[in-house]
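Subject: Structure handover

Hello,

Here is the structure for you to look at. My notes on it follow below.

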Amino acid sequence: MSTKPIMTFIIKVNPEDVTEFMAPMGGGACFIPFGGWAESELFSGKIRPGACDVQTVNKAGFRKMFAQYIFEGVDQAGQNCHIYVKNETYFDPAAQPGDAFYAEPTFITDSQALAPYLHTARFKSKGHGVDPETVCIEIFDLWDTEQDRIERKDNIEK
């Protein structure tokens with residue numbers, strides 16, 4: 001895995017927009033609508049309306065997070081485009097707000113420049129709270145070298 005993120009997402013939450021409940025017999029659900037933007041050499045843009053982080057908690061206290069959102073912006077070739085992101089993970093019951101978490105994002109894009117990379121590569125995200133209303137998510141490439149990416153892409157296309 002590379003040590004430098006390929007993209008960084010800044011997620012902004014308005015706590016007044018969060019909807020959540022805990023069930024009397026255990027478990028619960030939370031909907032967290034959010035906005036934000038992406039910054040990188042590959043893509044820069046903003047999150048479109050409708051983005052939401054859905055979290056459920058089971059009786060044992062384990063939380064599952066499933067976030068979906070669409071960015072609108074400009075790719076590395078200077079073309080307008082969109083990137084759909086699905087990011088999901090589990091949180092340990094001992095996790096505290098602001099603790100780092102890791103997830104597995106997947107992407108779909110209409111960018112001709114980015115699709116060959118984002119549609120075939122595997123990524124990991126690392127997120128952490130910056131403050132009560134801001135989360136920073138860094139996207140890392142799991143493939144160690146450019147040659148690894150070329151070889152895996154060739155194998156996928158066969």
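Is Glu 88 buried, exposed or partly exposed? Glu 88 has a relative accessible area of 26%, so the residue counts as partly exposed. Please keep in mind that this is a predicted model.

Salt bridges

In general, side chains of opposite charge can pair when their charged atoms come close.

The structure holds three salt bridges. Another of them is formed by Lys 4 and Glu 41, whose closest N and O atoms are 3.9 Å apart. Lys 4 belongs to the segment before S1, while Glu 41 sits in the loop between strand S3 (28-39) and strand S4 (43-47), so this pair ties together parts that are 37 residues apart in sequence. Both Lys 4 and Glu 41 are exposed.

There is also a salt bridge between Glu 72 and Arg 48, where the closest N and O atoms are 3.6 Å apart. This pair links distant parts of the chain: Glu 72 is in strand S6 (residues 63-75) and Arg 48 is in the loop between S4 and strand S5 (52-57), 24 residues apart. Glu 72 has 33% relative accessibility and therefore counts as partly exposed. Arg 48, at 33% relative accessibility, counts as partly exposed as well.

The next part concerns strand pairing. Strand S8 (residues 101-109) and strand S9 (residues 123-131) run antiparallel and are joined by three bridges. Here Tyr 102 stands opposite Lys 126 of S9. On the S10 side, Lys 126 stands opposite Glu 138.

S9 pairs with strand S10 (residues 134-141) in the antiparallel sense, over eight bridges. These two strands form a hairpin, with two residues between them. Asp 131 has Thr 134 in S10 as its bridge partner.

S10 also pairs with strand S1 (residues 7-13), again antiparallel, and here over six bridges. Within this pairing, Phe 9 has Ile 137 of S10 as its bridge partner. How much of S10 is buried? Six of its eight residues are, which leaves the strand mostly covered.

A patch of charge

The last item is on the surface. Glu 16, Asp 17, Asp 131 and Glu 133 gather there in a patch of negative charge. Asp 131 was named above as the bridge partner of Thr 134. Glu 133 is found in the loop between S9 and S10. With a relative accessible area of 40%, Glu 133 is partly exposed, because that class runs from the 20% limit for buried residues to the 50% limit for exposed ones.

Regards

Technical notes
Residues are numbered from 1 along each chain as its sequence is written. This is a predicted model: local features need pLDDT of at least 70, side-chain atom pairs count only at pLDDT 80 or more; totals for chains, interfaces and linings use all residues. Side-chain values use heavy atoms; hydrogens and water are left out. Two strands pair if DSSP finds at least two bridges between them. Helices (H or I, at least four residues) and strands (E, at least two) are DSSP runs, numbered from the N terminus. Patches are made of residues with over 30% relative accessible area and no salt bridge: like charges are joined within 9 Å, nonpolar side chains (Val, Leu, Ile, Met, Phe, Trp, Tyr) within 5 Å. Accessible areas come from the Shrake-Rupley method with a 1.4 Å probe; for residues, only the protein chains shown count as cover. A salt bridge is a side-chain nitrogen of Lys or Arg within 4 Å of a carboxyl oxygen of Asp or Glu. Lys and Arg count as positive and Asp and Glu as negative; His and the chain ends are not counted. The place of a charge is taken as NZ of Lys, CZ of Arg, CG of Asp or CD of Glu. Buried means under 20% relative accessible area, exposed over 50%, partly exposed in between (1.4 Å probe, protein chains only).
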